[in-house]
Every structure is written in C-alpha cells, then in structure tokens.
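Good morning, and thank you for making time for this item.

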Amino acid sequence: MRRNGRRPKSRCPDLRFGPGTETLVCDHCGATKAIGNTGWVGEAIKELDFQKAVENQLPQSELVEIQVTSCPNCGALVEFDANSHATECPFCATPVVTGTGKHRQIKPRGLLPFALKEEQARDHLRRWLGNLWFAPGGVQNYARAGRAMSGIYVPYWTYDADTKSQYRGKRGTIYYESRTVTVTVKGRREQRQQQVQKIRWNGVAGRVARFFDDVLILGSKDLPKHYTDGLAPWDLAAMEPYRAEYLAGFRAESYTVTLEEGYEEARQIMNAMIVRDVKFDIGGDRQEIDDLQTQVAAITFKHILLPVWLAAYKYRGRTFRFVVNGRTGNVQGERPYSVWKITFAVIIGAIAAACVGYFIAQNQQ
C-alpha cells in the first residue's frame with residue numbers, strides 16, 4: 001500500500017544493512033528501516049553447554065538448516081542470496097553456480113556488525129598494497145580500479161571453561177661459586193678467580209586456577225589462519241545478539257571446523273596459559289614442571305560471526321587474497337612479488353654500486 005505516492009519504507013525488498021549504523025537502507029530508493037532491539041539489551045549473549053552439543057542433545061531451536069553452495073575449487077561453504085544463480089567464490093575468485101545444498105549447523109548466537117563500508121575497506125587495502133615494495137602493478141591496480149569486495153561474515157567459536165590445576169615441579173635459584181682457573185697471559189701461566197653460575201633446585205608443589213572467557217577459534221578452513229590471526233584484535237565486548245537483519249546485503253560462511261575440533265585448539269591455548277600460570281606460581285629464577293593435572297569444568301561455547309571484507313584476484317594463474325577487518329580496517333593477505341621489479345631494482349643497485357666504486361677510485365688517484 002502506498003501513501004502520498006511513496007513506498008512504505010519497511011516494505012522495500014532491497015534493504016541491506018548499513019555498516020556503522022543500526023539501520024537497513026536501500027541504495028535504489030533511499031528507503032530506511034531501523035533495526036529494532038530484541039529484548040536482549042543489557043543481557044549477556046547466551047552460552048551453550050559443550051557436552052550437550054557433543055552428545056547431540058541441544059534443543060532443536062539452537063539448530064538451523066541452511067542452503068549453501070560449495071566452491072568446486074577451495075571447498076568454501078557460503079550462503080548466497082536466494083536470487084543469485086551464478087557468481088564468483090569470494091575466497092578464490094572461482095566461478096560458482098549456486099546450488100541447493102543443505103547444511104545443518106548450530107545457530108550463531110552473536111555477531112559483530114560491519115562498521116566499515118566497502119569503499120572504506122578498499123581505501124585500507126589500497127594503502128596496504130601501496131606500501132608493498134615489488135608488488136606486481138596488476139595486483140596494485142586491482143584496488144585502484146575499485147574492483148568489488150565481498151562482505152563476508154566469517155564463523156568463529158568461542159569457548160569458556162573453569163580450570164583447576166595441580167602441579168609438581170622444581171624451583172631453581174641461581175647462585176655463583178668462585179673457582180681458581182689457570183690462564184696464559186703474555187706467555188706466562190697465571191691463576192685467577194672466576195665466578196661460575198650454578199642452580200640450586202628445590203622440589204615444589206601447588207595449585208593454580210583460571211577461568212577462561214571467550215577463547216576465540218576460527219571456524220573456517222578456507223582462509224589461512226595467519227591471515228585471520230593478523231586481523232585481531234576483535235572488540236568482542238561490542239558483540240550483538242544474532243539478528244538476520246545484520247546479514248542483509250552480505251554473505252555468511254558456514255563453519256567447516258567442527259565444535260570438537262575447535263575445542264581441541266582452544267585447549268592448546270588454555271594449556272599454554274596454565275603452564276605460564278604454574279611457572280609464575282613456582283617462582284624463582286628457573287622452573288621445571290614434572291607433573292601437571294588439570295580439571296576442566298563448566299565448558300560452554302558460542303557460534304559467532306565476525307565481519308571481513310574480502311578481495312580475491314586472479315593474476316597470471318595465481319589467486320591473491322586480501323582480507324580487511326570489517327571493524328578496524330586491519331589488512332592481511334598474500335605478499336605478491338614482481339620478478340621484473342626485483343630484477344630492475346637489482347640492476348639499478350649494481351649500477352649505483354659501480355658508479356660509487358668508480359668515483360672512489362678516481363678520488364684515490
């Protein structure tokens with residue numbers, strides 16, 4: 001129904017989320033719609049019980065069946081718009097025909113909405129590429145030409161756990177002893193005193209405890225982990241409860257790292273932190289841990305989505321991928337090199353060195 005010849009703002013079919021706002025907007029007609037709250041204001045985003053999930057005992061309300069398309073090249077599982085039939089994979093730039101594959105997964109509980117618009121992300125990428133010496137001109141021109149970037153919500157797991165650890169080990173205290181050594185000075189043998197470092201070890205035992213909150217684990221296998229690690233930090237304190245409106249106009253990747261696989265990685269992070277706590281508790285100058293037993297309780301988790309602007313560009317048979325943190329603008333990606341630029345730089349360097357050598361030689365004459 002129209003009023004005064006204008007389409008009601010809430011009924012525009014082309015609304016998409018406006019990064020940095022709490023509004024859905026239409027680029028064609030200018031319609032807007034505020035994203036209303038869901039009654040979660042001031043409440044923490046709900047954690048789910050890890051053991052129940054492993055035993056497939058989560059309520060059906062926490063599960064969802066979604067349509068995804070699997071890239072034939074990199075295997076990425078990406079949700080596409082229902083009206084899209086053919087597109088490029090945002091992870092490797094391979095042409096993809098959208099299918100009707102079904103994928104059952106745990107619902108996201110929260111997300112960080114995009115704060116940067118596409119043009120802002122492209123500016124960050126352009127500056128980053130501009131600082132790469134010896135990058136091929138074709139790759140740098142990718143960003144300068146304003147090629148489209150894909151806004152992707154990347155899946156992550158977060159894990160909480162309450163840990164209590166008992167340990168046995170040794171505390172080492174450094175001390176010095178003097179000893180007499182014989183040295184040769186100007187052909188003569190002399191005796192001198194020398195300080196020798198030694199360590200006195202004492203057996204120790206104790207307990208440490210730590211509660212881990214939101215240990216963040218990437219839920220995707222489609223982006224190199226050192227890229228996504230390099231996008232940190234993420235302002236998880238600003239996370240919003242999941243709402244489909246935040247995904248309007250963007251794509252979301254389905255997780256390919258299982259809940260159990262993510263937990264194993266999270267435990268490695270926790271164990272490293274526990275070892276650090278134990279060594280701090282032992283004290284002294286040196287520490288050795290002979291036995292460490294940890295009890296883990298109250299394990300909970302969340303499936304969350306974090307915003308990434310992604311550019312995939314094929315250049316001379318290679319795919320270059322660049323990712324931009326959709327909140328901070330931090331950029332990561334392949335570091336391409338131009339053989340011609342490197343060769344030219346080497347030649348120029350050799351000519352410069354030869355010229356310097358020539359002038360030095362002339363001055364010496």
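This is a predicted model: local features need pLDDT of at least 70, side-chain atom pairs count only at pLDDT 80 or more; totals for chains, interfaces and linings use all residues.

The protein has six helices and 17 strands. Of its 365 residues, 38% count as buried. Among contacts with a separation of 6 or more, 74% are between residues 24 or more positions apart. The accessible surface comes to about 21,100 Å², and carbon and sulfur atoms hold 49% of that area.

Let me turn to the aromatic residues. There are 14 aromatic pairs in the structure. Take Phe 114 and Tyr 153: their ring centres are 4.9 Å apart and the planes stand at 75 degrees, so this pair is edge-to-face, the angle being over 60 degrees. The pair links distant parts of the chain, for Phe 114 is in the loop between strand E10 and helix H2, while Tyr 153 is in strand E11, 39 residues apart. Both positions are covered: Phe 114 is buried at 1% relative accessibility, and Tyr 153 is buried at 0%.

A second pair is formed by Tyr 159 and Tyr 263, with centres 5.9 Å apart and planes at 55 degrees, so it is tilted. Tyr 159 belongs to strand E11 and Tyr 263 to helix H5, so the pair ties together parts that are 104 residues apart in sequence. Tyr 159 is buried, with 0% relative accessibility, and Tyr 263 is buried as well, at 9%.

Which residues do ring pairs link into a cluster? They are Phe 17, Phe 114, Tyr 153, Tyr 246, Phe 250 and Trp 309. Rings also meet charged groups: the charged end of Arg 200 sits over the ring of Tyr 175, 4.2 Å from its centre. Likewise, the charged end of Arg 210 is placed over the ring of Phe 212, at 6.0 Å from the ring centre.

I return to strand E11 for Thr 158. Is Thr 158 buried or exposed? It is buried, at 0% relative accessibility. Its side chain makes a polar contact with the side chain of Asp 214, at 3.4 Å. Leaving aside neighbours within four places in sequence, Thr 158 touches Asp 214, Val 215, Leu 216, Thr 300, Phe 301, Lys 302 and Ile 304.

Next, helix H5, where Tyr 263 is found. H5 has 24 residues and reaches 34 Å from its first C-alpha to its last, close to the 34 Å expected. Its buried residues include Leu 259, Tyr 263, Ala 266, Met 270 and Ile 274. In an α-helix, residues three or four places apart point the same way, because there are 3.6 residues a turn. H5 is followed by Gly 283, whose phi is positive, near 75 degrees.

Finally, the backbone. Most residues other than glycine have a negative phi, and most peptide bonds are trans. Ala 232 and Pro 233, however, are joined by a cis peptide bond with omega of about 5 degrees. Pro 233 is in the loop between helix H4 and strand E13. Asn 56 has a positive phi, near 55 degrees; it lies in the loop between helix H1 and strand E5 and is exposed, at 73% relative accessible area. Ala 298 also has a positive phi, of about 55 degrees. That residue is found in strand E15 and counts as exposed at 54%.

Key
Residues are numbered from 1 along each chain as its sequence is written. Side-chain values use heavy atoms; hydrogens and water are left out. Rings of Phe, Tyr and Trp (its six-membered ring) pair if their centres lie within 6.5 Å; planes under 30 degrees apart count as stacked, over 60 as edge-to-face and the rest as tilted. Helices (H or I, at least four residues) and strands (E, at least two) are DSSP runs, numbered from the N terminus. Buried means under 20% relative accessible area, exposed over 50%, partly exposed in between (1.4 Å probe, protein chains only). A charge sits over a ring if NZ of Lys or CZ of Arg is within 6 Å of the ring centre and within 35 degrees of the ring normal. Contact means heavy atoms within 4.5 Å. Accessible areas come from the Shrake-Rupley method with a 1.4 Å probe; for residues, only the protein chains shown count as cover. A polar contact is a pair of N or O atoms within 3.5 Å; within protein, one must be able to donate a hydrogen and the other to accept it, and residues adjacent in sequence count only if both atoms are side-chain atoms. The expected span of a helix is 1.5 Å times one less than its number of residues.
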